[in-house]
Amino acid sequence: MSVPSAASPKHFIDLDGFDTATLRHILKDGVSYKKGDIDPAKQQPLSGKTLAMIFEKPSTRTRVSFDVAMRKLGGETVVLSSNELQTGRGETLADTARVLSRYVDAIMMRTYQPWKLHEMAAYATIPVINGLTDSSHPCQLMADVMTYEEHRGAIAGRVVAWSGDGNNVASSWVHAAVRFNFELKLACPEMLMPPEALLRWARDQGGRVSVTHDPAAAVKGADCVVTDTWVSMDRDATKGETRHNLLAPYRVDDRLMGLAKPDAVFMHCLPAHRGEEVTASVLDGPQSLVWDEAENRLHVQKAILAWCLA
Amino acid sequence: MISAVMPTYGRYDLAFERGEGPYLFATDGRRFLDFASGIAVNALGHSHPHLVKALSEQAKRVWHTSNLYRIPEQERLAERLVENSFADTVFFCNSGAEAVECSIKVARKYHDESGTPERYRVIGCAGSFHGRTLATLAAAGNEKYLKGFDPIVEGFDHVAFGNLNELRAAITPETAAILVEPVQGEGGIRPASLDYLRQLRAVADEFGLLLIFDEVQCGMGRSGKLFAHEWAGVTPDIMATAKGLGNGFPVGACLATERAAKGMTAGSHGSTFGGNPLAMAVANAVLDVVLADGFLGRVDKVARRLWRELEALVKRHPKVLAEARGAGLILGLKCHVTNTTLVDKARELGLLTVGAGENVVRLVPPLIIEDAHVQEAVATLDRACAQLAA
């Protein structure tokens with residue numbers, strides 16, 4: 001695949017593509033936006049800018065938080081679904097990227113297959129932001145790290161345990177573990193492990209990332225316990241009984257949380273299904289940070305947009 | 001000086017002069033219980049009377065005609081395979097590698113015929129083995145076998161065996177098919193979970209890919225069903241089989257659905273020897289036995305017996321053996337000692353086995369073995385392990 005040679009715009013694709021200093025800079029701005037140290041109402045840094053948001057998958061938090069973030073920074077949004085775009089009738093993503101680059105100032109794309117996002121980024125002459133693919137969810141992880149540090153201080157050196165599907169969010173946790181220097185212990189069923197190449201990347205980078213099939217072993221002594229829904233979005237060939245059987249032992253309940261440190265926090269990117277991947281007592285309990293986590297999508301996305309369009 | 005036979009094998013100094021059922025008799029008079037079966041080939045053992053008769057009679061009639069003409073025995077075998085599998089059509093070749101190679105060609109041709117010629121890539125699994133041709137080596141992606149044969153044939157991607165997340169992430173607009181062994185043989189006797197096989201079907205359907213099962217080693221009754229994927233209750237679009245199909249006569253087959261094979265028209269593929277009367281006579285005779293009432297049930301029964309015995313063996317020799325693994329009569333013993341030392345020791349004591357990846361000793365006996373043969377094999381392994389542990 002040939003890639004245009006024009007000066008590359010500041011895409012936000014995956015955390016492994018950034019150095020830690022850049023990610024820290026974005027996080028710091030996210031915190032400032034939340035605290036009001038940077039007041040978008042006065043500064044309106046994205047005034048006159050337009051963000052196109054392409055959705056192939058349903059979305060609550062990503063859609064609303066990006067939309068509101070853009071508006072708070074003075075910009076505007078255009079929301080597009082793949083059904084409405086000509087891509088649904090065979091126009092190439094490359095051509096779509098070229099045309100959108102002439103209309104808007106940035107693209108946020110939420111899609112199934114990562115190649116679509118990479119194709120868009122390869123041909124767009126404006127920043128492209130990863131609003132989630134089947135492989136990763138970097139914006140969520142920026143909010144997650146921000147939320148952990150907001151409540152417990154520096155995440156570096158801490159132990160995070162993931163119990164459940166080694167899915168796109170888990171993969172971004174792997175990226176984050178390496179970039180933010182914390183230990184990540186993943187507990188996943190064999191069929192639903194993160195990609196081996198990703199784990200190899202983490203090891204090659206000196207990251208402290210391990211995988212087990214035993215949730216108790218992963219969670220024991222952890223500072224943070226994380227999980228995600230068992231059936232993601234509207235499209236998943238592995239949904240149903242098989243998935244439930246595979247993932248049932250990985251449910252985060254009071255017993256599992258009890259193995260973590262006494263002051264451990266619980267995180268979940270939502271949507272949550274109480275009684276499936278997490279019990280209501282944990283999700284709605286005192287250790288849960290999920291609502292702050294959801295709110296912080298808004299603040300960190302302001303920082304991502306500002307960084308991309310600076 | 002190079003030997004007259006190209007030295008591509010590390011051979012034991014052992015030759016056989018005859019075989020009988022599950023036994024082989026060496027030129028020096030020693031008797032061996034054959035749990036290697038020519039690497040899972042001699043499914044009906046040695047000198048099976050029905051097969052000897054079929055081959056002898058055919059040899060007296062006609063050996064070879066080429067595929068320029070109708071070959072009645074080929075048509076009969078194809079119909080029987082179709083009748084007893086998911087497939088609608090069969091291509092005959094000479095080996096497992098050729099059968100897999102044909103499967104890849106069928107998948108590529110399908111997409112070309114469907115107006116999506118850009119879909120040519122095949123996703124395979126780490127640890128797999130599909131044969132020794134350039135394309136099948138690339139399909140398996142095992143560096144050990146690819147080394148020195150660059151450039152690697154293009155068009156193959158690899159994911160971890162059993163990992164659905166990785167599989168889904170590897171699918172691109174260029175992906176044509178998924179190629180998987182339901183039980184990895186050479187890779188170390190690693191059976192796919194039945195759920196994994198079912199999910200492979202679901203993922204293939206979701207993305208419009210063809211699903212290819214390589215049953216060259218695990219098929220033809222070795223799992224206790226005619227084909228191993230039957231345990232999962234799913235069907236592929238294309239399947240390669242060989243080894244047991246000819247019980248030692250070189251024959252392979254690529255089975256496909258009508259939809260998957262829509263591009264395989266006259267001139268699209270061929271094989272000089274594939275499906276010749278000799279091979280077809282033997283394969284039909286193999287099917288006579290394997291499809292006979294109660295045969296596969298007996299395979300399943302004796303396989304379960306062997307499995308139980310091997311599990312007990314592992315417990316008795318924890319310093320030598322780590323675990324028993326496999327399905328049906330494609331079983332493995334993962335070793336703590338080097339697997340070749342156990343293979344050598346067992347051979348010294350009269351039992352033939354074969355090594356596999358992940359330091360496994362492979363047990364792929366003829367499907368005709370009985371409880372007495374199980375007892376004899378396990379007793380020999382017991383002695384071998386005891387001697388190695390001493």
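Reader: How do S2 and S3 of chain B run, and how many bridges join them?

Author: Strand S2 (residues 23-26) and strand S3 (residues 31-34) of chain B run antiparallel, joined by 3 bridges. Strands here are DSSP E runs of at least two residues, helices are H or I runs of at least four, and both are numbered from the N terminus. Two strands count as paired if DSSP finds at least two bridges between them.

Reader: And what stands opposite Leu24(B)?

Author: Phe32(B), in S3(B).

Reader: Before I go on, what are the ground rules?

Author: It's a predicted model, so local features need pLDDT of at least 70 and side-chain atom pairs need 80 or more, while totals for chains, interfaces and linings use all residues. Residues are numbered from 1 along each chain as written, chains are lettered from A and ligands numbered from 1 in the order written, and side-chain values use heavy atoms, without hydrogens or water.

Reader: Back to the sheet: what's the strand order?

Author: S1-S2-S3-S15 in chain B, an open sheet of 4 strands with mixed pairing. Strand S1 (16-20) and strand S15 (351-352) are at the edges with a single partner strand each, so one side of each has no neighbour in the sheet.

Reader: Which helix packs on it?

Author: Helix H12 (residues 371-389) of chain B, which touches S2, S3 and S15; contact means heavy atoms within 4.5 Å. Its direction makes about 105 degrees with that of S3(B). Axes are lines fitted to C-alpha atoms, for helices over the stretch in contact, and angles run from 0 to 180 degrees between N-to-C directions.

Reader: New topic. Where is Ser85(B)?

Author: In the loop between helix H3 (72-83) and strand S4 (89-93) of chain B. The Ser85(B) side chain reaches the backbone oxygen of Leu81(B) at 2.8 Å. Setting aside neighbours within four places in sequence, Ser85(B) is in contact with Phe227(B) and Leu255(B).

Reader: Which residue does Glu73(B) meet in a salt bridge?

Author: Arg76(B), at 3.7 Å, N to O. The rule is a Lys or Arg side-chain nitrogen within 4 Å of an Asp or Glu carboxyl oxygen. Both residues lie in helix H3 of chain B, 3 residues apart, about one turn.

Reader: How many salt bridges over all chains, then?

Author: 36 by this rule, with 0 between chain A and chain B.

Reader: How many residues does each chain bring to the A-B contact?

Author: Chain A gives 21 residues and chain B gives 19.

Notes. A polar contact is a pair of N or O atoms within 3.5 Å; within protein, one must be able to donate a hydrogen and the other to accept it, and residues adjacent in sequence count only if both atoms are side-chain atoms.
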